[in-house]
Amino acid sequence: AFKTGEPSIARWCAVLRELGEARFVMASPNLKYAAARQRMTGLFAKYGVAAHRLTLLGEADHAQQLARYAVVDLVFDSLPYSGGLTSCEALWMGVPVLTLSGDRVAGRHSTSHLSAIGHPELITSSEDEFIERACGLGRDVELLTGLRARLREDMRRSLLCDLSAYADRFTSALCEINFSSEK
C-alpha cells in the first residue's frame with residue numbers, strides 16, 4: 001500500500017497546475033506493478049495533471065535510489081505519513097524537502113529533520129502555504145541551486161549527524177522527564 005494519501009496528491013497537483021511545465025517523479029516499490037501505476041496516473045488525472053508529466057519509478061537498490069535525486073529539484077513530503085529516512089536521504093543528496101507539518105508524530109518526521117538542520121523555511125503549516133511556497137521555489141532556480149549547494153553541509157553540521165550532542169540532549173530530556181514525573 002502507498003503511504004501517500006489522496007489529499008497529498010491533490011496538493012501536489014495544485015502546484016503542478018500552477019507551474020505548467022513542471023514534471024513530477026514518484027518512486028515506490030509498488031510502482032513496479034501496472035495496476036499501481038494506473039492508479040497513480042488516474043489520481044493525478046483526477047486533479048488535472050496529465051500522465052506525460054509523471055515519471056513513476058518502481059523498485060531500485062539503494063545506490064539507484066540515491067542516484068534518482070540527481071533529476072529532482074524539490075521533494076514534496078507526503079501525508080499522513082511524512083518522510084523519515086527518505087527525507088534525510090533527499091537532504092543528504094542536496095534536494096530540498098518541502099513539508100506540510102502533520103498533526104501527529106507520523107506526519108512530523110520531516111518537520112523534525114528540517115528543524116534540526118536549520119531550514120524552517122521548508123516547513124509549512126497549511127495547504128495554501130505549502131502550495132505558495134512550492135510554487136515560489138519552483139520558480140526560483142537561483143534559490144533552489146543555493147539550497148542544493150549547502151544542504152549536505154547543513155545536515156553534516158546539524159544535530160542529526162552529531163551523535164554525541166544528540167545523545168547528550170536526549171539524556172538531558174530523559175532526566176528532565178524523570179525529574180518532572182517524580183514531583
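Modeller: We will go through pockets, then a helix, a histidine, the cysteines and the rings. Keep in mind that this is a predicted model.

Colleague: How do I read a pocket, and what volume does the largest pocket have here?

Modeller: Rolling a probe the size of a water molecule over the atoms shows where empty space is left. Here, the largest pocket has a volume of about 1200 Å³.

Colleague: Which residues lie nearest its centre?

Modeller: Val25, Met26, Ala27, Val75 and Phe76 do, out of 44 residues that line the largest pocket.

Colleague: Which helices and strands each supply at least two residues of that lining?

Modeller: On the helix side, α1 (6–18), α3 (62–67), α4 (85–92), α6 (127–139) and α7 (141–156) do. The strands that do so are β1 (24–27), β2 (54–57) and β3 (75–76).

Colleague: How does the lining of the largest pocket divide by class?

Modeller: There are 24 nonpolar residues, twelve polar and eight charged.

Colleague: What is the volume of the second largest pocket, and which residues line it?

Modeller: Its volume is about 180 Å³. The lining consists of Val105, Arg108, His109, Ser112, His113, Ala116, Leu159, Leu160 and Tyr166. Helix α5 (residues 109–116) gives the largest share, four residues. By class, five residues are nonpolar, three polar and one charged.

Colleague: Now burial. Which residues of α4 are buried?

Modeller: The cut-off for buried is under 20% relative accessible area. In α4, Ser87, Cys88, Glu89, Ala90 and Leu91 are buried. Then look at what they pack against: α3, β3, β4 (97–100), α5 and α7.

Colleague: What happens in the backbone just after α4?

Modeller: Gly94 takes a positive phi of about 85° there.

Colleague: Back to the second largest pocket, where His113 is in the lining. Is His113 buried or exposed?

Modeller: His113 sits in helix α5. Its relative accessibility is 13%, so His113 counts as buried. For contacts, leave aside the neighbours within four places in sequence. His113 then touches Gly83, Gly84, Ser87, Cys88, Leu91 and Leu160. Ser87, Cys88 and Leu91 are among the buried residues of α4.

Colleague: How many disulfides does a search of the whole structure find?

Modeller: It finds zero. Take Cys135, which is in no disulfide: the nearest cysteine sulfur belongs to Cys13 and is 12 Å away. A disulfide needs the two sulfur atoms within 2.5 Å. Cys135 is also buried, with a relative accessible area of 4%.

Colleague: Last, the rings. How many aromatic pairs are there?

Modeller: Start with the distance between ring centres, then take the angle between the planes. The count here is five aromatic pairs. One of them joins Phe24 and Phe44, at 5.1 Å centre to centre. Their planes are 45° apart, and the pair is tilted.

Colleague: Which parts does that pair tie together?

Modeller: Phe24 is in strand β1 and Phe44 in helix α2 (residues 34–46), so the pair ties together parts 20 residues apart in sequence. Both Phe24 and Phe44 are buried.

Colleague: What about Phe76 and Phe130?

Modeller: Phe76 and Phe130 form an edge-to-face pair, 5.4 Å centre to centre with 70° between the planes. Phe76 belongs to strand β3 and Phe130 to helix α6, so this pair ties together parts 54 residues apart in sequence. Phe76 is buried at 15% relative accessible area. Phe130 is buried too, at 0%.

Colleague: Which residues do ring pairs link into a cluster?

Modeller: The cluster holds Trp12, Phe24, Phe44, Phe76 and Phe130. Phe76 also takes us back to the largest pocket, being among the residues nearest its centre.

Terms used
Residues are numbered from 1 along each chain as its sequence is written. This is a predicted model: local features need pLDDT of at least 70, side-chain atom pairs count only at pLDDT 80 or more; totals for chains, interfaces and linings use all residues. Side-chain values use heavy atoms; hydrogens and water are left out. On a 1 Å grid over the protein atoms alone, a cavity is a set of points where a 1.4 Å probe fits but cannot get out, and a pocket is an open set with protein on both sides within 12 Å along at least five of seven lines; lining residues have an atom within 4 Å of a point. Grid points are joined across faces, edges and corners, and a volume is the space filled by probe spheres set on the points. Ala, Val, Leu, Ile, Met, Phe, Trp, Tyr, Cys and Pro count as nonpolar, Asp, Glu, Lys and Arg as charged, and the others, Gly among them, as polar. Buried means under 20% relative accessible area, exposed over 50%, partly exposed in between (1.4 Å probe, protein chains only). Contact means heavy atoms within 4.5 Å. Rings of Phe, Tyr and Trp (its six-membered ring) pair if their centres lie within 6.5 Å; planes under 30 degrees apart count as stacked, over 60 as edge-to-face and the rest as tilted.
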